[in-house]
Protein chains: 2
Amino acid sequence: MNKYEELSKIFKTLCEPIRLQILDILSCDEMCACKILEGLLISQSTLSHHMKVLINSGLVTSRKDATWIYYSINRENIEKLHVSIEELTSQKDNCICQKTDNNCKKA
Amino acid sequence: MNKYEELSKIFKTLCEPIRLQILDILSCDEMCACKILEGLLISQSTLSHHMKVLINSGLVTSRKDATWIYYSINRENIEKLHVSIEELTSQKDNCICQKTDNNCKKA
DNA sequence: TATAAACATTTACGCTTGTCAATATTTATA
DNA sequence: TATAAATATTGACAAGCGTAAATGTTTATA
């Protein structure tokens, strides 16, 4: 998997409104799935699916306590996302664009 | 459209590896579509489709010159994206999470 | 041990979207 | 005006994914 595919995996996670809402709900503190579900209009199985996607992306972590699972934002990986976006879009040496001869007639 | 749907529109744009590669190609300078295409393994019509998606998201702008169209990154909206991610994931007053009574038994 | 609560998994369905071939449009130039 | 280059659009198809009902698993407790 190249770097674009790696990064796109994070964005695929973020491209569903309901998952953004879940991150918002988790922005202040950890919360168990049953409480997250209370604020949403989706089924329990659908929430479970979305939490799995969030966990797999690395944007959210979980801990188990008895029958509850507490989810929280992985702030380290949120910061890594900021860095990745910056690295992708900012001017840089040895850029991929320099591998193309840019002799297209310019204005 | 609520704020989650608005933001998800940006992430939907970024969730395709080929569009991330296009942003990378544009990271140093503007480039016309025919030159962008040289560095990719997709058809012309597919590139045209992706450029339209990038334009519609606001992440890329374009200017026309004769038969060429030059595309460039809209850095102002990249910065807005950083702010949106920060606003979503950081702790804040009047957070959506406080609207749920968090009386779930904690460890 | 039986029951209930919390969460995960399986299965099926429908919608979205990436892809390309074919064609259309626009502009420069011979 | 005819041709070629650059880009957009249309149409069709396949793959990915969000969704929920039904069911399974784990844990606490009566």
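Reader: What share of the atoms of DNA strand D within 4 Å of the protein belongs to sugar or phosphate?
Author: This is a predicted model. The atoms of DNA strand D within 4 Å of the protein divide into sugar or phosphate on one hand and bases on the other. Bases make up the rest once sugar or phosphate is counted, and sugar or phosphate holds 70%.

Reader: Which elements give two or more residues to the surface near DNA strand D?
Author: Chain B gives helix H3 (33–38), helix H4 (44–57) and strand S3 (68–73).

Reader: Is B:Asn74 buried or exposed?
Author: B:Asn74 sits in the loop between S3 and helix H5 (75–89) of chain B. Leaving aside neighbours within four places in sequence, B:Asn74 is in contact with B:Gly58, B:Leu59, B:Val60 and B:Thr61. Buried means under 20% relative accessible area. B:Asn74 has 17% relative accessibility, so the residue counts as buried.

Reader: How are the two copies related?
Author: Chain A can be laid on chain B with an RMSD of 0.0 Å. That takes a turn of 180° and a shift of 0.0 Å along the axis. The copies are therefore related as by a two-fold rotation axis.

Reader: Why do the copies meet through the same surface?
Author: Compare the interface residues of chain A with those in chain B. The copies meet through the same surface because the share of chain A interface residues that are also interface residues in chain B is 100%.

Reader: Which residue of chain A comes closest to the rotation axis?
Author: The distance is taken at C-alpha. At 2.7 Å, the closest is A:Phe11.

Reader: What is the bridge partner of A:Val60 in S3(A)?
Author: Three strands of chain A form an open antiparallel sheet, in the order S1-S3-S2. Its edge strands are S1 (31–32) and S2 (60–65). Six bridges join S2(A) to strand S3 (residues 68–73). In S3(A), A:Val60 is partnered by A:Ile73.

Notes. Residues numbered from 1 in each chain as written. Chains lettered and ligands numbered in written order. Predicted model: local features only at pLDDT ≥ 70, side-chain atom pairs only at ≥ 80, totals over all residues. Heavy atoms only, no water. Near = heavy atom within 4 Å. Helix = DSSP H or I, 4+ residues; strand = E, 2+ residues; numbered from the N terminus. Buried < 20%, exposed > 50% of the residue type's maximum accessible area, 1.4 Å probe, protein only. Contact = heavy atoms within 4.5 Å. Least-squares fit on C-alpha atoms with pLDDT ≥ 70 in both. Pairing = 2+ DSSP bridges.
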